[in-house]
Amino acid sequence: QRISAMNYSRSFCSNLVEWKQRNSVIVMGGHGEFHAEFYAEQFDIEKNAWIALPKCNCSHKYNPVIKLTSAMNDSEHELLCVLCDKRTKANLGVVEILDIRTKKWMKCKTNIDDFLQFSAKQELRRALLYG
């Protein structure tokens, strides 16, 4: 059986994240048609279908990092976090969080550079740029 095509063609997208509770995986951002860098998609393994998640606030065009996590003390309240943009010149980009329950994106007021100390920031930049 073939895997169905994504809603948005993309390259330089995020890592795939497994979503065990929903038997699916998620991909985010990347360079592609129709502003793919603003969208995440969920692949439902049982239905063999890609489901578009809501449009985010900022571009995550080149190799963003995503993580699926639960809100504090609430395993049903899941959050999709996306950060970085490998090719951002001035900084490492913004942090955004999608509340899966409300289907709304929130942009963190502080960018990722401010979360990291200088040496840790240099190491993260090196890892993002050179694999």
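The structure holds one salt bridge, a term used here for a side-chain nitrogen of Lys or Arg within 4 Å of a carboxyl oxygen of Asp or Glu. The model is a predicted one, in which local features need pLDDT of at least 70 and side-chain atom pairs count only at pLDDT 80 or more, whereas totals for chains, interfaces and linings use all residues. Residues are numbered from 1 along each chain as its sequence is written, and side-chain values use heavy atoms, with hydrogens and water left out.

The salt bridge is formed by the side chains of Arg 10 and Glu 41, at 2.7 Å from N to O. The pair links distant parts of the chain, since Arg 10 belongs to strand β1 (residues 10-11) and Glu 41, 31 residues apart from it, to strand β5. Both Arg 10 and Glu 41 are buried, where buried means under 20% relative accessible area, exposed over 50%, and partly exposed in between (1.4 Å probe, protein chains only). Side chains of opposite charge can pair when their charged atoms come close.

The secondary structure of the protein chain comprises two helices and ten strands, taken as DSSP runs numbered from the N terminus (helices H or I, at least four residues; strands E, at least two). Read from the N terminus, the elements follow the order β-β-β-β-β-β-β-β-β-β-α-α. Of the 131 residues of the chain, 41% count as buried, and residues 24 or more positions apart account for 40% of the contacts with a separation of 6 or more, a contact being heavy atoms within 4.5 Å.

Strand β5 (residues 40-44) runs antiparallel to strand β6 (residues 49-52), and four bridges join them; two strands are taken to pair if DSSP finds at least two bridges between them. Phe 43 has Trp 50 in β6 as its bridge partner. The two strands β5 and β6 form a hairpin with four residues between them, and Asn 48 in the turn has a positive phi of about 50°.

Ser 24, which lies in strand β3 (residues 24-28), counts as buried because its relative accessibility is 1%. Its side chain is joined to that of Gln 42 by a polar contact of 3.3 Å, defined as a pair of N or O atoms within 3.5 Å of which, within protein, one must be able to donate a hydrogen and the other to accept it, residues adjacent in sequence counting only if both atoms are side-chain atoms. Not counting residues up to four places away in sequence, Ser 24 touches Val 17, Glu 18, Trp 19, Gln 42, Phe 43, Asp 44 and Ile 45.

With a disulfide defined as a pair of cysteine sulfur atoms within 2.5 Å, the count comes to zero disulfides. Cys 56 is in no disulfide, the nearest cysteine sulfur being that of Cys 58 at 6.8 Å. Cys 56 is buried, with a relative accessible area of 4%, and Cys 58 is likewise buried, at 15%.

Asn 63, found in the loop between β6 and β7 (65-71), counts as partly exposed because its relative accessibility is 26%. Asn 63 and Glu 37 are 26 residues apart in sequence and 9.7 Å apart in space, C-alpha to C-alpha.

Confidence is expressed as pLDDT, the predictor's confidence in each residue, from 0 to 100. The protein chain averages a pLDDT of 75, and 70% of the residues score at least 70. Among the elements, β6 has the highest mean pLDDT (92) and helix α1 (residues 112-115) the lowest (58). Where pLDDT is low, the predicted coordinates should not be read in detail.
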